[in-house]
Amino acid sequence: MTGILQVKNGKYYIVLSYYENGKRQRRWIATGLPEKNNKRKANQMLQEVLAKEAQQDPPPRSDMTVADCVRHWLAQVGRRIDETTLQSYQLTAETHILPDFEENGMTLRNCTVKALQAYFDEKHLHGRRDGKGGLSPATLRHLRNVISQSLDLAVKEGLLPSNPCRLVELPRKEKYEASFYSVEQLQRLFKALEGDPLQPLVKIAALYGLRRSELLGLKWDSIDFDNQRLTIRHTVCRIKTVTEKDKTKNKSSHRSFPLLPEAREIFLEAKAQEAENRRLLGKGYQSNDYVFKWPDGHPFLPDYVSARFSDLLRKSGLPRIRLHDLRHTCASLLLNQGFTLKDVQDWMGHSDIGTTANIYGHLDAARKQSMADRLSSCLSGQNPEDGRKTVETAEKSAPAAG
């Protein structure tokens, strides 16, 4: 059962919504409270009525299966979220949740905290589809998110009295430590990639710390040669299918950079090569505005770029990292140059500094050591700039008495 407040003839009414014999019903309850200055009191009455109704007549549990409940939620949520997020939910459901709950046949009537806890515990130990162990805490959280939102909808529609998934406990998330290259390793990488179609993309990734989706989403309208600016405004990613979006991951991801001289040369060369390819292939050229693509014009696919990058590293003898770790490499170089976590947050396009600190906080040691040295010198009276006593400096600079 759910309830809301409605105003009718200048007074608050509580409107209860519930299912009876498979049909949605509504019941109006007068509060007697005038609309003016009584919203808080009316809300309190609403909560008291809902609590009383739940005790007297708890909603029955449905015989709908959990698998069907998840399908129902996916159909509903697909109208409100973007395609990439929906595909992520669908992939999680299709890979784990639907096969598991089709097999065990669990219904909402049997869906309890104990049953769900047992399910997640088993997935943690033996949940991989290839039979090679259990799922990570991060993956378990993806599963719980989909199941919990599905059961929230069931509660909203009167099929469950409450959501048992909200009380399920998961293993603690593992602390993530990013991999990155040193300057020397990065230079070796660039040299190893000379002549490969991926070299320009890899250089831009390292220079600006871009996500793969941002790299492949670069279009010519992202590059302002006149004002020397690079703006991140498009993305290309793949969950189940390749999805192109004229928006970034979040508001902070829509960011702008100075067009570095090396980047300018890369983009100018790509522009000239595109013009030449158009001339040579004529109608056989696939026209689009993307920067990184094959000679015939069709853009690089996300999976190809990651796989090719891995192959190139293996042949070069360099330590194995992911393409995304070039982003971490860029961040580590910025921190080593003395920039703050706030600077790195803005450059990386993180929505909050907590994300930056969680990933790169341990790399901020050099700056913190410098701060500690300065603080120690200050407290001991030692001027860190020239080694003289700050007291002596103050005495010499003080005006004469009188």
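Reader: Which residues of α9 are buried, and what makes a residue count as buried?

Author: A263, I266, F267, A270, E274 and N277 are buried in α9. A residue is called buried under 20% relative accessible area, exposed over 50%, and partly exposed in between, with a 1.4 Å probe and protein chains only. The model is predicted: local features need pLDDT of at least 70, side-chain atom pairs count only at pLDDT 80 or more, and totals for chains, interfaces and linings use all residues. Residues are numbered from 1 along each chain as its sequence is written, and side-chain values use heavy atoms, with hydrogens and water left out.

Reader: How do you know on which side of α9 these buried residues lie?

Author: The buried residues A263, I266, F267, A270, E274 and N277 cover an arc of only 90° around the axis, which puts them on the same side of α9. The arc is that of the directions from the helix axis to the C-beta atoms. An α-helix has 3.6 residues a turn, so residues three or four places apart point the same way. On the face turned away from the buried side, α9 carries the exposed residues P261, E265, E269, R279 and L280.

Reader: What covers the buried residues of α9?

Author: The cover includes α7 (199–208), β4 (223–224) and β5 (229–231). Helices (H or I, at least four residues) and strands (E, at least two) are DSSP runs, numbered from the N terminus.

Reader: What makes α7 a mostly covered helix?

Author: In α7, 8 of its 10 residues are buried. Among them are L201, V202, I204 and Y208.

Reader: Why is S213 called buried?

Author: S213 has a relative accessible area of 18%, and is therefore buried. This residue lies in helix α8 (residues 212–216). S213 touches H234, T235, V236 and C237, not counting residues up to four places away in sequence; contact means heavy atoms within 4.5 Å.

Reader: Why are α3 and α5 described as roughly perpendicular?

Author: The axes of α3 (residues 83–104) and α5 (residues 137–156) come within 10 Å and cross at roughly 80°. Angles of 65 to 115 degrees count as roughly perpendicular, under 35 as roughly parallel, over 145 as roughly antiparallel and the rest as oblique. The two helices α3 and α5 are therefore roughly perpendicular to each other. Residues making the contact include Y89, H96 and F101 of α3 and H142, V146 and Q149 of α5.

Key. Axes are lines fitted to C-alpha atoms, for helices over the stretch in contact, and angles run from 0 to 180 degrees between N-to-C directions.
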